[in-house]
Amino acid sequence: MSLIICHETLDIAPLLKGLPDDLCQCPHWGMILKGRKLVKYRDHDEVLNEGDAYYMSPGHSTVTDAGTEWIEFSPTRELEKTNEAVSRNLAAMDGD
């Protein structure tokens, strides 16, 4: 479980490049404690607001509003694969 606080609006799409369909392939379960998160799938979007419990299926990206706080549970192996791609993309952005 992780408690996550987003201090600035964050669109993670650029960080997911290189994953299948350039989307997060890790499922996530959680609850929005404060704020708002937009979950983008290939065929639809979902809005998560304060107090919402959620399940994000594989094949998503998110845009999180500044000030959003949430708790999240994710399978370790799948999350590690996503985090590897995110780290590579962050390093590439820092090199620009």
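Which residues is Ala 53 in contact with, leaving aside its neighbours within four places in sequence? Gly 30 and Met 31 are the partners, where contact means heavy atoms within 4.5 Å.

Before going further, a word on the basis of this report. This is a predicted model, in which local features need pLDDT of at least 70, side-chain atom pairs count only at pLDDT 80 or more, and totals for chains, interfaces and linings use all residues. Residues are numbered from 1 along each chain as its sequence is written, and side-chain values use heavy atoms, with hydrogens and water left out.

**Ala 53 and its setting**

Ala 53 belongs to strand S6 (residues 53-56); helices (H or I, at least four residues) and strands (E, at least two) are DSSP runs, numbered from the N terminus. With a relative accessible area of 59%, Ala 53 is exposed; buried means under 20% relative accessible area, exposed over 50%, and partly exposed in between, using a 1.4 Å probe and protein chains only. Its C-alpha atom is separated by 7.6 Å from that of Trp 29, 24 residues apart along the chain.

**The open sheet and strand S7**

Let us turn to the strands. Four of them form an open sheet in the order S2-S7-S4-S5, with antiparallel pairing; two strands pair if DSSP finds at least two bridges between them. At the edges are strand S2 (10-11) and strand S5 (45-49), each pairing on one side only. Strand S4 (residues 36-41) is joined to S5 by 5 bridges in the antiparallel sense, and Lys 40 stands opposite Asp 45 of S5.

Strand S7 contains Thr 62 and Thr 64. Thr 62 counts as buried because its relative accessibility is 5%, and Thr 64 is buried with a relative accessible area of 2%. Not counting residues up to four places away in sequence, Thr 62 touches Leu 10, Asp 11, Ile 12, Lys 37, Leu 38, Val 39 and Met 56. On the same terms, the residues that Thr 64 touches include Cys 6, Glu 8, Arg 36 and Trp 70. Lys 37 is also on the list for Thr 64, and the side chains of Thr 64 and Lys 37 make a polar contact at 2.8 Å. A polar contact is a pair of N or O atoms within 3.5 Å; within protein, one must be able to donate a hydrogen and the other to accept it, and residues adjacent in sequence count only if both atoms are side-chain atoms.

Glu 72 takes part in both pairings: it is the bridge partner of Ser 2 and stands opposite Gly 30.

**Loop residues**

Ser 74 lies in the loop between S8 and H1. Leaving aside neighbours within four places in sequence, Ser 74 is in contact with Cys 26, Pro 27, His 28 and Leu 79. With His 28 there is also a polar contact between side chains, at 2.6 Å. Met 1 is 73 residues apart from Ser 74 in sequence and 7.3 Å apart in space, C-alpha to C-alpha.

Asp 21 is found in the loop between S2 and strand S3 (28-34), and Asp 22 lies in that loop too. Phi of Asp 21 is near 60°, and Asp 22 has a positive phi of about 55°. Most residues other than glycine have a negative phi.

| Residue | Relative accessibility | Class |
|---|---|---|
| Ser 74 | 22% | partly exposed |
| Asp 21 | 55% | exposed |
| Asp 22 | 36% | partly exposed |

**The largest pocket**

About 480 Å³ of space lies in the largest pocket. Of its 24 lining residues, the closest to the centre are Ile 4, His 28, Glu 72, Leu 79 and Asn 83. On a 1 Å grid over the protein atoms alone, a pocket is an open set of points where a 1.4 Å probe fits, with protein on both sides within 12 Å along at least five of seven lines, and lining residues have an atom within 4 Å of a point. Grid points are joined across faces, edges and corners, and a volume is the space filled by probe spheres set on the points.

Strand S1 (2-6), strand S7 (60-64), strand S8 (68-73) and helix H1 (76-94) each supply at least two residues of this lining.
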